[in-house]
Amino acid sequence: MPTAAERLAGAATPARLALALGAVAAAFLLNAYANLPVEQALRTGDCQLLDCLRPQRPEARHAGYSAAEFREFLAAIGPLRRQALWALVADLPLIAAITTALLTAAGLATRGLPLSDRNSRILILLPLAFAATDLAEDILLAAAYSALADPAGVLPWISALKFGLLVASALLSIVLGLARAVQN
């Protein structure tokens with residue numbers, strides 16, 4: 001019996017992928033808006049156009065960060081920790097939208113390709129692992145923002161794993177989509 005994720009991937013169409021990508025864009029903007037007070041507190045000067053969308057929060061940076069940088073971030077946002085905590089709620093639709101887009105892309109890219117059951121499961125598990133890692137990161141961030149724990153030692157690793165799973169899933173779908181295009 002297929003799981004919900006397998007059914008979602010199996011029902012993939014270009015229109016559903018476009019809808020999922022639109023949801024990612026909308027959820028990203030919602031997330032950016034929710035984190036705006038924290039981002040503004042971290043900016044040292046005025047930003048120009050798209051530069052304003054470049055995140056200053058450590059967990060949102062693709063290039064990584066250290067435990068010391070995360071602790072400096074916590075000290076810098078000080079009284080905005082409660083706002084940052086509530087902004088984590090806006091991360092949930094973004095996680096769902098990205099996961100849906102990754103599953104839809106995987107299903108679309110592999111339609112008609114002769115894949116083993118194991119490889120098909122890996123294509124489904126990568127987006128789900130991304131979602132689980134992003135949720136784990138949010139739980140650790142919530143603990144840090146509410147001063148319940150100091151997860152600064154592990155957070156950089158969780159963030160790196162999150163971005164790695166995201167990139168691996170997207171690249172695998174792109175490569176398989178290209179293989180499918182060449183095959184047809």
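In which helix does A87 lie? A87 lies in helix α5, residues 81-87. Helices here (H or I, at least four residues) and strands (E, at least two) are DSSP runs, numbered from the N terminus. The model is a predicted one, in which local features need pLDDT of at least 70 and side-chain atom pairs count only at pLDDT 80 or more, while totals for chains, interfaces and linings use all residues. Residues are numbered from 1 along each chain as its sequence is written, and side-chain values use heavy atoms, with hydrogens and water left out.

The protein contains eight helices and zero strands, giving the pattern α-α-α-α-α-α-α-α along the sequence. Its C-alpha trace spans about 55 × 35 × 25 Å along the principal axes. Of the 184 residues, 38% are buried; buried means under 20% relative accessible area, exposed over 50%, and partly exposed in between, with a 1.4 Å probe and protein chains only. Contact is taken as heavy atoms within 4.5 Å. Among contacts with a separation of 6 or more, 81% involve residues 24 or more positions apart.

A87 has a relative accessibility of 4% and therefore counts as buried. Apart from neighbours within four places in sequence, A87 is in contact with A34 and N35. The C-alpha atoms of A87 and Y33 are separated by 8.8 Å, although these residues are 54 residues apart along the chain.

Two helix pairs were examined. Two packed helices are described by the angle between their axes and the distance between the axes. Axes are lines fitted to C-alpha atoms, for helices over the stretch in contact, and angles run from 0 to 180 degrees between N-to-C directions. Angles under 35 degrees count as roughly parallel, over 145 as roughly antiparallel, 65 to 115 as roughly perpendicular, and the rest as oblique.

Helix α2 (residues 14-34) packs against helix α6 (residues 91-110) at an angle of about 160°, with the axes 8 Å apart. The two helices are therefore roughly antiparallel to each other. The crossing of α2 past α6 is left-handed; a crossing has this hand if the near helix is turned anticlockwise from the far one by less than a right angle, and is right-handed if clockwise. On the α2 side, the residues that meet α6 include P14, R16, L17, A20 and L21, and those of α6 include D91, P93, L94, A97 and I98. The residues of this contact divide into 16 nonpolar, three polar and two charged. In this division Ala, Val, Leu, Ile, Met, Phe, Trp, Tyr, Cys and Pro count as nonpolar, Asp, Glu, Lys and Arg as charged, and the others, Gly among them, as polar.

Helix α4 (residues 67-77) and helix α7 (residues 117-145) pack at an angle of about 50°, and their axes are 11 Å apart. This angle makes α4 oblique to α7. The crossing of α4 past α7 is right-handed. F70, F73, L74 and I77 of α4 make the contact with L141, A144 and Y145 of α7. The residues of this contact comprise seven nonpolar, no polar and no charged.

P127 also lies in helix α7. At 0% relative accessibility, P127 counts as buried. Leaving aside neighbours within four places in sequence, P127 is in contact with T99, L102, L103 and S169. P127 and L140 are 13 residues apart in sequence, and their C-alpha atoms are 20 Å apart in space.

The whole structure holds four salt bridges, a salt bridge being a side-chain nitrogen of Lys or Arg within 4 Å of a carboxyl oxygen of Asp or Glu. One of them joins E39 to R57, with the closest N and O atoms 2.7 Å apart. This pair links distant parts of the chain, 18 residues apart: E39 belongs to helix α3 (residues 36-42) and R57 to the loop between α3 and α4. E39 is buried, with a relative accessible area of 8%, and R57 counts as buried at 9%. R57 also forms a salt bridge with E59, the closest N and O atoms being 2.7 Å apart. Both E59 and R57 are buried.

Another salt bridge connects R71 with D150, the closest N and O atoms being 3.0 Å apart. R71 lies in helix α4 and D150 in the loop between α7 and α8 (155-183), so the pair ties together parts that are 79 residues apart in sequence. R71 is partly exposed, with a relative accessible area of 40%. Salt bridges that share partners join E39, R57 and E59 into one network.
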